[in-house]
2 protein chains.
Amino acid sequence: MARTWSNDPVRKPTSDRASAGRATIHDVARLAEVSTATVSRVLSGGKPVSPQVADRVRAAAQEVGYRPNPAAQTLLRGSSQTIGVVVPDLGNPYFAEILKGIAAEAAGDGHHTLVAGTEEDPEQEYRSAIELARWVDGLLLCAPRMSAPQLKEVAEASRRLVLINRVLRHPSVGAVVVDYHHGVRELCAHLASLGHERIVYLEGPATAWSDQQRQRGFRAAGLPVTRVACGSSLRDGYAAVDEALTHEPTALIAFNDHVAVGVLSRLRELGVTVPDDLSVVGVDDAPMSAHTDPGLTTYAVSTVELGRQAWQHFSPTASTATTHLSGELVVRGSTARPRRRRTVKPSR
Amino acid sequence: MARTWSNDPVRKPTSDRASAGRATIHDVARLAEVSTATVSRVLSGGKPVSPQVADRVRAAAQEVGYRPNPAAQTLLRGSSQTIGVVVPDLGNPYFAEILKGIAAEAAGDGHHTLVAGTEEDPEQEYRSAIELARWVDGLLLCAPRMSAPQLKEVAEASRRLVLINRVLRHPSVGAVVVDYHHGVRELCAHLASLGHERIVYLEGPATAWSDQQRQRGFRAAGLPVTRVACGSSLRDGYAAVDEALTHEPTALIAFNDHVAVGVLSRLRELGVTVPDDLSVVGVDDAPMSAHTDPGLTTYAVSTVELGRQAWQHFSPTASTATTHLSGELVVRGSTARPRRRRTVKPSR
DNA sequence: CGGAAACGGGAAAAGGTTTACATCACTGTG
DNA sequence: CACAGTGATGTAAACCTTTTCCCGTTTCCG
């Protein structure tokens, strides 16, 4: 870098400690022969400055490559123009979609996005949330697994808290939730209309609020549903199939579409034909769900809309009420009438 | 909020401007009856402090719920303990995996992760990178699509720059790249050994360096490969199939596994059987690739390792050399001998 | 023509933390 | 007993920017 420094014996014009020679507002002010206040006025805009001075300042800023120090701005303004997003698993495409949506919305309004994945660990989730809370203007927790008291603590610690797929009775917390209760009833109604009676549900993570909503939905649907512990990932679905089959179901409801994809894969290995031998449904309508073989019947909810709604909740004027988002049943090839007789080895 | 303030004419005990009543180090110091320096020493650790004082300070900090202001720390230290990650598409599971890996590594070393998705737009990518550069201690660009001059600018603007799947001749830039040149040669060798001769390659984004590497690999492999414009997403793959088929290939190489999944889906619709009518291969070994029907033959490279290596490059002592990561061929069910019998055996 | 409003621009404070330096008491040694 | 060394703590500067207050000049209006 061609920075020529006059060997000023009195006082260094800029410090070169941490910022390693980055130009500061003082450098610009000196070069443009104005005060730092004027530089700020020109660059931040809005304030009255004479055109000649403004040009001089802009030229000087350009010349030294000046960019304001965000930490200093944050310190003064008390806002970092940043939101924090905490998700149980960054590798899960569902959360990735939500992250994509919210980050795009935030960027559109000039905000940055700080993320943390928690590997499905409630304690780590809590720590990350508390840590991030101090940094950001608002915090978004996706499907948090932590306890309600911890969640309250996070609410206290953060300027603004928004939840996705979790509710909390607290005055300053917004939430946007998918109506899984409705979703599960839709799926059950669909399966019932096809004549299914022996249904297995592959459960999600035990601490997931959204899993509890599904379970409530089953009770409301009035169908006898056998529960099998599973999880939320593709691998979990793959692994849970064998136990699920011991219950001799005619239909299988997966916690979400990724689980369902794992299920389809394992069923194929076992020679169980979907939907002839067994119907399979998922939840969430992941991008790949339209491309599996057969296509996955599922309950579709727009992650884009989820992100948009969540962002709305960060607006200072937003209500703290819970926004309910309902999706719709999407019927694809993975569901059909059950066979009369129990599954025998398929022979096509 | 029920904030009751005595109308203190002398001096406000804490400011309530930006931080909205958050306790500062001064509050702690006053309560513990020590100087702010001592508070800092106690809480940051390392410095000698008498046990009684330390206890008093910790108790005071606890009482007022003190947490240091990160912006102030950043300003002073010149480091935000944060890295920035820019990816073309946050919704793409491949980048989501990488993000997950790097965020976990960073968090393990007490660093935060700032993300930006760029919707595959090189200009937005450039702006995001420049913007983030000012915030973070290090910047990670995943498969950047921007031009080399722009990339150089970003390199100048950032304290530390690391690239994934892109190289740049520049003294202070680290990179970790997958050896796609090797990858496609492996895939081609596999296909050649099965007897394929008419191969179509579904191209990735035009500005992607990694696509160019693949193309170079094809030339090195010495197989005639017809190129068809496609993209990097599942949808792109789905849409490109029809044109690809006009070339009557016996094998199809997709830019990556997501494209390949879209391809499989469309082929199924068209009644083309994989691998009997057509062999399909992908690149990257996405999590779902083992679960498609048939399983996808691909070139596997560990995203976990990718993230780990990238993080290594942020260490102050790291070399700026390019780290090459090679994967390995994974043969699954999507490749087989072409159906049509060859009349002429290739002579060497 | 006098006074007030409008405007352009400078000085300085504020924002919260860390750390170099200064201070002070005390201990061990020559 | 004096002095050097050490350990504990306070003081104040520095990090960089924005914004409030203020002053001097010009312009406008009665």
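The structure is a predicted model.

Computed along its principal axes, the C-alpha trace of chain A extends over about 95 × 45 × 35 Å. The radius of gyration of chain A is 27 Å, whereas a compact globule of 348 residues would have one near 20 Å.

Among the strands of chain A, four form an open sheet with parallel pairing, in the order β7-β6-β8-β9. Which strands stand at the edges of this sheet? They are β7 (225-228) and β9 (279-281) of chain A, and each has a single partner strand, so one side of each is left without a neighbour in the sheet. On average, and with direction ignored, neighbouring strands of the sheet are turned by 20° against each other. Within the sheet, strand β6 (residues 199-202) of chain A pairs with strand β8 (residues 251-254) of chain A in the parallel sense, over four bridges. A:Leu202 is found opposite A:Ala254, a residue of β8(A).

Chain B also holds an open sheet of four strands, paired in parallel and ordered β7-β6-β8-β9. Its edge strands are β7 (225-228) and β9 (279-281) of chain B, each of which pairs on one side only. From one strand to the next, the twist averages 20°. Here strand β6 (residues 199-202) of chain B may be followed to its partner β7(B), with which it pairs in the parallel sense over four bridges. B:Ile199 stands opposite B:Val225 of β7(B). A helix accompanies this sheet: α10 (residues 234-245) of chain B lies across β6, β7 and β8 (251-254) of chain B, and runs at about 150° to β6(B).

The packing of helices against each other can be considered next. Two packed helices are described by the angle between their axes and the distance between the axes. In chain B, helix α1 (residues 25-32) and helix α2 (residues 36-44) pack at an angle of about 100°, and their axes are 8 Å apart. Because of this angle, α1(B) is roughly perpendicular to α2(B). From α1(B), the contact involves B:Ile25, B:His26, B:Val28, B:Ala29 and B:Ala32, while α2(B) contributes B:Thr36, B:Val39 and B:Ser40. Of the residues in the contact of α1(B) with α2(B), five are nonpolar, three are polar and none is charged.

Some details of the backbone also deserve attention. Most residues other than glycine have a negative phi, and most peptide bonds are trans. A:Glu248, although not a glycine, has a positive phi of about 50°. This residue, A:Glu248, belongs to the loop between α10 (234-245) and β8 of chain A. In chain B, the peptide bond from B:Val274 to B:Pro275 is cis, with omega near 5°. B:Pro275 is placed in the loop between α11 (257-270) and β9 of chain B. B:Asp293 and B:Pro294 are likewise joined by a cis peptide bond, with omega about -5°. The loop that holds B:Pro294 runs between β9 and β10 (298-300) of chain B.

The two chains may now be viewed together. Two copies of a chain are related by a rotation about an axis and a shift along it.

A:Thr113 stands opposite B:Val115 of β2(B). Finally, 100% of the interface residues of chain A are also interface residues in chain B, so the copies meet through the same surface.

How values were computed. Residues numbered from 1 in each chain as written. Chains lettered and ligands numbered in written order. Predicted model: local features only at pLDDT ≥ 70, side-chain atom pairs only at ≥ 80, totals over all residues. Pairing = 2+ DSSP bridges. Helix = DSSP H or I, 4+ residues; strand = E, 2+ residues; numbered from the N terminus. Axes fitted to C-alpha atoms, helices over the stretch in contact; angles between N-to-C directions. Parallel < 35°, antiparallel > 145°, perpendicular 65-115°, else oblique. Contact = placed C-beta atoms within 7 Å. Nonpolar A, V, L, I, M, F, W, Y, C, P; charged D, E, K, R; others polar. Rg over C-alpha atoms; globule rule 2.2 N^0.38 Å.
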